Amino acid sequence: MYSIALKILFGDRGKYIGIITGIALASLIMIQQPGILISILSHTYSFISDISLPDIWVMDPKVQFIDDSKPLLDTQLYQVRGVQGVEWAMPLYKGSQRVRLDNGETVGSVMLGLDDATLIGGPAVILEGRLADLRLPDSVIVDEAGAKGRLAKPSATPGGKSIPLRIGDVLEINDKRATVVGIARGTPTFQSQPILYTTYNRAKNYALSERKLLSYILVKAKAGESPQLVAWRISRQTGLAAYTAAEFKNRSLQYFLENTSILTNFGFVVIVGFIVGAAVTGQIFYNFTLDNLRYFGVFKAMGATNRMLRRMILLQALLVGFVGFGIGAGAVAAFAAATRGSSDLTMQLNWQLLLGSGTAVLLIVVVAALVSVRKVMKLEPAEVFKG
């Protein structure tokens, strides 16, 4: 009987393709949109993720998220170093600077000033050059996205393709010379601005208009010390806010979720996709069942039980759901692979997202099967043979 159910399903090729298409489109929306949302939200704390060495981030108590840095006094760095359980504490400057291109345009960029001696806070992946080259005069390292994108050298011919930055190229930052000594790979920021790495003291020279330049203090807890406990000691003794890296990530993420409509906008699209997918799939599957009532009537007349007929319809629904979801998920995976590293519109796929969207598709096909099976349950075999 199950093989007969599949033959009935495949026999109506038009409705079979229509059901699969509806499920595939619903799956695509329910996977793609949350995938893009997860990627965007991860960019809100990408800077913290890229700097993995410190256990604790120390900042002004009024800081709400990573880009909301409020300058500290340099003397507060020494206060933090004196707290029990601190292995080391290093300064970090994070601020916005204007870079002037050869054609006169200015581009807003994020500048990071690293500790001159240790260069802690630098990029983990250096594609060209060396991190140690930041100790050379007037040197900066540019992130890959910025070097190929907004900081790329304009083409000499109007409308031509811009030329990516290379080692040895010269930039102008606040009317001061900066030489590119390396290209690094980092996670894009929420604003997708280019990132410039330099030393802490050189950052002071580029940002002379700012009176206080200490944005964050990066702290490593001693071996055997709990980072949470050390962070509590720092807060108690210095009056500054101190969070572990995980806590600061959650704080930054929570700020964007509570103060922007990004979750509402993406959630609305996902809900619409679910509703449209359910409506289209349910309608086509219901019509498919109606068109094949005569077969189910014959099966009843031959002694098939309602339980067997329910299983046949459920098998048909699960099969189209599996195939449709596979096509939708495959299309999203192909799109994610095609845009990775070459577009700002990236997405992150994980098993939780696939499990959630797969559960939603399962709900769609099961509901469609339940709606359709009601007509079959009420069917009298004698009606099939009338006329």
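This is a predicted model: local features need pLDDT of at least 70, side-chain atom pairs count only at pLDDT 80 or more; totals for chains, interfaces and linings use all residues.
Helix α7 is followed by G239, a residue whose phi is positive, near 80°.

**Helix α7**

- The helix runs over residues 227-238, and its 12 residues reach 16 Å from the first C-alpha to the last, which is close to the 16 Å expected at 1.5 Å a residue.
- Seen down the axis of α7, the buried residues fall within an arc of 160°, so they line one face of the helix; these buried residues are V230, A231, R233, I234 and T238.
- The packing partners of the buried residues of α7 are the strands β1 (56-59), β2 (86-100), β9 and β10 (241-244), together with the helix α4 (75-81).

**Helix α1**

- In α1, which spans residues 2-11, the buried positions are A5, I8 and L9, and because they fall within an arc of 100° when seen down the helix axis, they line one face of the helix.
- K7 and G11 lie on the other side of α1, where they are exposed.

**Residue K212**

- K212 sits in the loop that lies between α6 (200-206) and β9 (216-221), and with a relative accessibility of 28% it counts as partly exposed.
- Leaving aside residues up to four places away in sequence, K212 touches P71, L72 and L73.
- K212 and G356 are 144 residues apart along the chain, and their C-alpha atoms are separated by 47 Å.

Methods. Residues are numbered from 1 along each chain as its sequence is written. Side-chain values use heavy atoms; hydrogens and water are left out. Helices (H or I, at least four residues) and strands (E, at least two) are DSSP runs, numbered from the N terminus. Buried means under 20% relative accessible area, exposed over 50%, partly exposed in between (1.4 Å probe, protein chains only). Contact means heavy atoms within 4.5 Å. The expected span of a helix is 1.5 Å times one less than its number of residues. The arc is that of the directions from the helix axis to the C-beta atoms.
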